[in-house]
Amino acid sequence: MKVLSRLIALAATAGALLFGAGAALAALGHPIPWQMDLQDAATPVMDDIASFHYFLLWIIAAISTFVLFLLLIIIVRFNARSNPTPSRTTHNTPIEIIWTIVPVIILAVIAVPSFRLLFVELDVPHPDLTVKATGKQWFWSYSYPDNGNFEFDSLMVADKDLKPGQPRLLAVDNEMVVPVNKVVHVLVTGADVVHSFTVPSFGIRIDAVPGRLNETWFKATSEGMFYGQCSELCGRDHSFMPISVRVVSEADFATWAAQAKQKYGSEDGAQPNSFAAAAR
Ligand SMILES: [Cu+2]
């Protein structure tokens, strides 16, 4: 008993420490050491995903507690010692109706917000700009068909080249830059194998499939750096092709886009590649 109470005390302390640390270090746009929860939401869609997640967590907790409670009753009251002559009942119509109807109601209660969320995610609102992300072995290329049709590659910063504040395995040399509070339509494709474009705090994840153009969208509501990673096992350097999105003010975005057009744009205005042509 002493061991058990010590274990419980230890678990409680560890839990308090973890939650305390999580709350203290919670940061927008990237994971933190010992993080146990979802990353903070930076878009309305991720807000909805998080609320749906917690809603499901309550339902799951209630069901698990109920089942555990039933198991305990059976263990205590109906074991061979306390109940030597078991009942031979095989049917109980009311209880069978209840255990059919109640799960159906629970599923319906889950289905309504679930479908609502799916529609919000899949139904791209009228976009303010389009960015095309192409997954390549092993980096991402971004092109901006609405802002001068330039394209650039985004490669991970090696550990030895990290600048202060840049997270390891997440920082890149050329970030994808988007304006704040604007609907960004993201076209996603793969150039070689299947990759997956994922930014947790935006609540987006979509496969980058060669020969196919997938779409998703996000509307970041705060400025800053937001990180994601390729989320489809794509080969040797799968873990080393991060996604870094810098969300800036509209004015800063215009300045950046003008500079990027100078820096990356092709002089004759030709399409950077055939995928961009398909995106138009
Ligand atoms: Cu990949």
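## The largest pocket

How many residues line the largest pocket, and which lie nearest its centre? The lining comprises 17 residues, with Phe66, Leu70, Ile95, Ile98 and Trp99 nearest the centre. Two or more lining residues come from each of helix H2 (44-77) and helix H3 (93-122), and H3 gives the most, with seven.

A pocket is an open set of points on a 1 Å grid over the protein atoms alone where a 1.4 Å probe fits, with protein on both sides within 12 Å along at least five of seven lines; lining residues have an atom within 4 Å of a point. Helices are DSSP runs (H or I, at least four residues) and strands likewise (E, at least two), numbered from the N terminus.

## Basis of the model

The model is predicted: local features need pLDDT of at least 70, side-chain atom pairs count only at pLDDT 80 or more, and totals for chains, interfaces and linings use all residues. Residues are numbered from 1 along each chain as its sequence is written, and side-chain values use heavy atoms, leaving out hydrogens and water.

## Ser141

Ser141 belongs to strand E2 (residues 139-144). Because its relative accessibility is 0%, Ser141 counts as buried (under 20% relative accessible area, 1.4 Å probe, protein chains only).

## Aromatic rings

Phe150 and Phe152 are both buried. Ring pairs join these two to Trp140, Tyr142, Tyr144, Phe197, Phe253, Trp256 and Tyr264 in a cluster. Rings of Phe, Tyr and Trp (its six-membered ring) pair if their centres lie within 6.5 Å.

Key
Buried means under 20% relative accessible area, exposed over 50%, partly exposed in between (1.4 Å probe, protein chains only). Rings of Phe, Tyr and Trp (its six-membered ring) pair if their centres lie within 6.5 Å; planes under 30 degrees apart count as stacked, over 60 as edge-to-face and the rest as tilted.
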